[in-house]
Amino acid sequence: MRQHAEPPSPVENRSAVMRHLDRLVRRVLPRSLLGRMLLIGFIPLLVTQGISLELFYGNYLKIVSRRLSAGVVNNIAMTIDIMERYPAPSDRAWILRDVRDRAQLHMTWREGESLQRVGSNHVLGPVDDDLVRDLRVAIGRPAFVDWKSDRHIVSVFIQMPDGVLRVDTPRKRLDVAPVWLFVAWATGSALLLFCIAAFFMRNQVRAIRRLARAAELFGLGRDIDPIHPEGAQEIRKAAVAFNRMRDRIFRFVEQRTSVLAGVSHDLRTPLTRLRLTLAMVPRQGTIRAADLQPDIEDMVADVGEMERMIESYLSFARGEGAEVPAMVDVRELLEEVATAARRAGARDVSVLVTRASYIVVRPAAFRRVLSNIVDNARRHASHIRLSARKKRSSTVIYVDDDGCGIDESRRESVFRPFESGRDGGTGLGLAIARDIIHAHGGEIRLDSSPSGGLRVRIVIPD
């Protein structure tokens, strides 16, 4: 049996219609940001001008036009009624003369003529329709209104039983002002505002284009200068963030390059000793294990030294890694670091946190920072104090010791890779610490400690 396909459901029909409308809108909308910003500004402006134009017609122009046309038509109707009441030629001439002087209506009688057309030759605005309607209601006779023969006069032709009555009235009695003046004003103001908006939007889009161009060149490996922040506040912030990212990446590449250059230099000494030791091992005869014991111990020490170097290099290269940030209790974190330092041989490690404080960090990476700092202090001091203080928009962690400290002239250089203050060190501990702290958006600085030694100050923003 043939199976009939089920018709689409209403939900599927609505989805198909929405997809079609979405494709249509995307096809019509401009693709550039400048075009869309101008469209967003121009459409509301156009709608606003249209609403104001309609309100002007409804609340002012139409009302005034009806009142003016009603006044002229009433004068004409009253004149016709008087003329019908007093049909004598002398009375008719007096009535027409008096209406001309008092009502500014110049009336002429055309005996025996008839109208060829009725209605009006239309002009812009509602005044022509209002006048024709009032003539039809008040007089009830065929009439034609001529607006175009004379730009200053409006002529009204009314069919009478024995002829045509022509009424000439000044145009200013019927027309308040040319409607095109208001239309021109609305259109001109809209275009002026649109041009001003386009000028300012173009500057904003130019700043975005410059930022996009710089990002593209930087992604291609080009060495570009920092971007000058310009434009709106958000665009300036984006440019500042890009410059900071550029500086961090350059610093990252420079430090990693120096690490790779230092690997061969630092590993060359233990490798040379290993090679010399192996070269001194006898190739023939009987060898006693006791005779080789000192050489083996030296080679094991060299291998251990290389392992420590490689581990330091790998830690530096990893940086903060891909660890997920988490909320950490500062007091608990400092207690863990202090406990680990005591197990490693520290004699006096204290923790002072006045009130509960929490920070969002990568726990393992941040713990490695504190451990490196405390380990350095443990080698040079007998007392170490870990403390934390909560400020308005950040948390400050202090590591104080009573050791010999670091000269003020060297407090910046010790953060560079391979700047070690002791024999056998790789000089990467503080470099690793600063990389991780900067990755958290914070800063690390060395000062003089109230205990007489060195103070390490770490600031982590909220």
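Predicted model: local features only at pLDDT ≥ 70, side-chain atom pairs only at ≥ 80, totals over all residues.
## A nonpolar surface patch

Leu-192, Leu-193, Ile-196, Phe-199 and Phe-200 make up a nonpolar patch on the surface. Together these residues have about 520 Å² of accessible area.

Ile-196 is one of the patch residues. Its place is helix H5, which covers residues 179–219. Is Ile-196 buried or partly exposed? Ile-196 is partly exposed, because its relative accessible area is 40% and the term buried is kept for values under 20%.

## The five-stranded sheet

Now to the sheet. Five strands form an open sheet with mixed pairing. Their order is E7-E9-E10-E12-E11. The edges are strand E7 (348–353) and strand E11 (443–448). Each of these edge strands pairs on one side only. From one strand to the next, the twist averages 15°.

What holds such strands to one another? Strands of a sheet pair through backbone hydrogen bonds, and the pairing is either parallel or antiparallel.

Strand E9 spans residues 383–390, and strand E10 spans residues 394–401. The two strands pair in the antiparallel sense. How many bridges do E9 and E10 share? The count is seven. E9 and E10 form a hairpin, with three residues between them.

Two partner pairs can be found in the structure above. Lys-390 has Thr-395 of E10 as its bridge partner. Arg-389 has Val-396 of E10 as its bridge partner.

## Strand E10, covered on both faces

E10 is mostly covered, with eight of its eight residues buried. Look at its two faces. On one side are Ser-394, Val-396, Tyr-398 and Asp-400. On the other are Thr-395, Ile-397, Val-399 and Asp-401. The residues on both sides are all buried, and both faces of E10 are covered.

## From E10 to E12

E10 is also joined to E12. These two strands run antiparallel, with seven bridges between them. Thr-395 stands opposite Ile-460 in E12. Asp-400 has Arg-455 of E12 as its bridge partner.

## Hairpin E11–E12

E11 and E12 pair in the antiparallel sense over six bridges. One of the partner pairs is Arg-445 with Arg-457 in E12. The strands form a hairpin with five residues between them. Gly-452 sits in the turn and has a positive phi of about 105°.

Arg-445 also takes part in a salt bridge, with Asp-447 as its partner. Their closest N and O atoms are 3.4 Å apart. Arg-445 is partly exposed, with a relative accessible area of 41%.

## Helices across the sheet

Which helix lies across E7, E9 and E10? It is helix H8, residues 330–343. Helix H8 runs at about 180° to E7.

## Salt bridges

How many salt bridges does a search of the whole structure find? The search finds 16. One of them joins the side chains of Arg-141 and Glu-84, at 2.7 Å from N to O. Arg-141 lies in the loop between helix H4 (127–138) and strand E3 (143–146), and Glu-84 lies in helix H2 (residues 33–85), so the pair ties together parts that are 57 residues apart in sequence. Arg-141 is partly exposed, at 25% relative accessible area. Glu-84 is also partly exposed, at 45%.

Arg-246 and Asp-247 form another salt bridge, with their closest N and O atoms 3.0 Å apart. Are these two partners buried or partly exposed? Arg-246 counts as buried, because its relative accessibility is 9% and the cut-off is under 20%. Asp-247 counts as partly exposed at 38%. Elsewhere, salt bridges that share partners join Asp-375, Arg-378 and Arg-379 into one network.

Terms used. Residues numbered from 1 in each chain as written. Heavy atoms only, no water. Pairing = 2+ DSSP bridges. Helix = DSSP H or I, 4+ residues; strand = E, 2+ residues; numbered from the N terminus. Axes fitted to C-alpha atoms, helices over the stretch in contact; angles between N-to-C directions. Contact = heavy atoms within 4.5 Å. Patch = residues over 30% accessible without salt bridge, like charges linked within 9 Å, V, L, I, M, F, W, Y side chains within 5 Å. Areas by Shrake-Rupley, 256 points an atom, 1.4 Å probe, with all protein chains shown as cover. Salt bridge = Lys/Arg side-chain N within 4 Å of Asp/Glu carboxyl O. Buried < 20%, exposed > 50% of the residue type's maximum accessible area, 1.4 Å probe, protein only.
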